[in-house]
Amino acid sequence: PYDGGQRFCSEVQKHTKFGDQWIVVERKVYNVSQWVKRHPGGLRIIGHYAGEDATEAFTAFHPDLQLVRKYMKPLLIGELEASEPSQDCQKNAALVEDFRALREHLEAEGCFKTQPLFFILHLGHILLLEAIALMLVWCFGTGWINTAIVAVLMATSQAGWLQHDFGHLSVCKTSRWNHLVHKFVIGHLKGASAGWWNHRHFQHHAKPNVFKKDPDVNMLNAFVVGKVQPVEYGVKKIKHLPYNHQHKYFFFIGPPLLIPVYFQFQIFHNMILHGLWVDLAWCISYYVRYFLCYTQFYGVFWAVILFNFVRFMESHWFVWVTQMSHIPMNIDYEKHQDWLSMQLVATCNIEQSPFNDWFSGHLNFQIEHHLFPTMPRHNYWRAAPHARALCDKYGVKYQEKTLYGAFADIIRSLEKSGELWLDAYLNK
């Protein structure tokens, strides 16, 4: 067994490959090689921290630390000596400690406590909009104008933002209830998979904008992003698409196709491939309910058209909101930064307003959401001044933009990345 000491940096870093993975949490060393397969957040998220100190990520993702520590006891293989430094020696120890103190302060202030009425009303308004949409068809028929209104109501119900809350364990007091309601909301109200979402989204939070670790920057060779990848592709003469025009074709293959085509295929493929039969049952219940309700008015063909039109609108909304805080930011390979620095270089905020809060599901507070992913979103505004003050203290850039400016920055960043690719492709 590993007994700590000055071998920490070299010894722990040896265990990073699948089937042989060690992590450090609160100065204790754990062998998670087999546990990764049973991890509720997916096996890859732990793998992304293999050979590293994962204390900050561990604290950020688990609302009930005592419960998780019980599960981790059998995995313990050693502990670091008191005199030994952290493995990631380039981290600012004072910043890490101040961020830990900030989290404790916010916990004491009640920022991690849920207001049940907020989420009850949110779920109620989703169900109400679904009912109104069906009643409109029942009462006023299937004319174009009425159908357009129905589609807008279905697209703006915002069940996607609500499933995000339950997925991050930020609503119910126990993880078990969060997981159960998450399956209902994402499965029965959205026709998607909780397991697929967990596996994908937690990786994004664990290592945002980090190539080979954040699936959200895996652009399937359709786009090149950031400053590093375009040059790499250009030097290697990789040209799957004319990337110098990606800021133009983004409008045709990005927002319109992500949910109706790519996610739709990926969700069902993932559920079947990994045997997520409970998720599949919830997902099927969504389709059964939808087609039972709408085929009697539209018939099968037009019900399918309506379904895909709603997905088309949702996809535009989802892409612009999720990418405005990430694509224009730094995108690079692993740098082993502390939690606050890593999140701040990859995220930015959008200024607060009633519309922005509603439109983005409070993800205009993307910085606070990434720093404290289990915090209920109705409390982000309370945490924001404290997070900004800590960033100012250590010279970490805290960016806030207008909604229009953030949207425009997506296109500007794609254009700049495309120019970097073209220059490297032609001249290097």
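The legends below describe views of a predicted model of one protein chain.

**View 1. Overall fold of the protein chain**. Along the principal axes, the C-alpha atoms fill a box of roughly 75 × 55 × 45 Å.

**View 2. Domain 1 and domain 2**. Domain 1 covers 8–89 and domain 2 covers 117–206 + 251–317, with bounds from an automatic or database domain assignment. Nine residues from domain 1 and eight residues from domain 2 make the contact (heavy atoms within 4.5 Å). Their C-alpha centres lie 35 Å apart.

**View 3. Salt bridge between Asp165 and Arg377**. The two side chains meet at 2.9 Å, N to O. A salt bridge here is a side-chain nitrogen of Lys or Arg within 4 Å of a carboxyl oxygen of Asp or Glu. Asp165 lies in helix α8 (residues 159–167) and Arg377 in the loop between α17 (366–371) and α18 (380–394), so the pair ties together parts that are 212 residues apart in sequence. By this rule the count comes to 19 salt bridges, while between domain 1 and domain 2 the count is zero.

Residues are numbered from 1 along each chain as its sequence is written. Local features need pLDDT of at least 70, side-chain atom pairs count only at pLDDT 80 or more, totals for chains, interfaces and linings use all residues, and side-chain values use heavy atoms, with hydrogens and water left out.

Definitions and conventions
Helix = DSSP H or I, 4+ residues; strand = E, 2+ residues; numbered from the N terminus.
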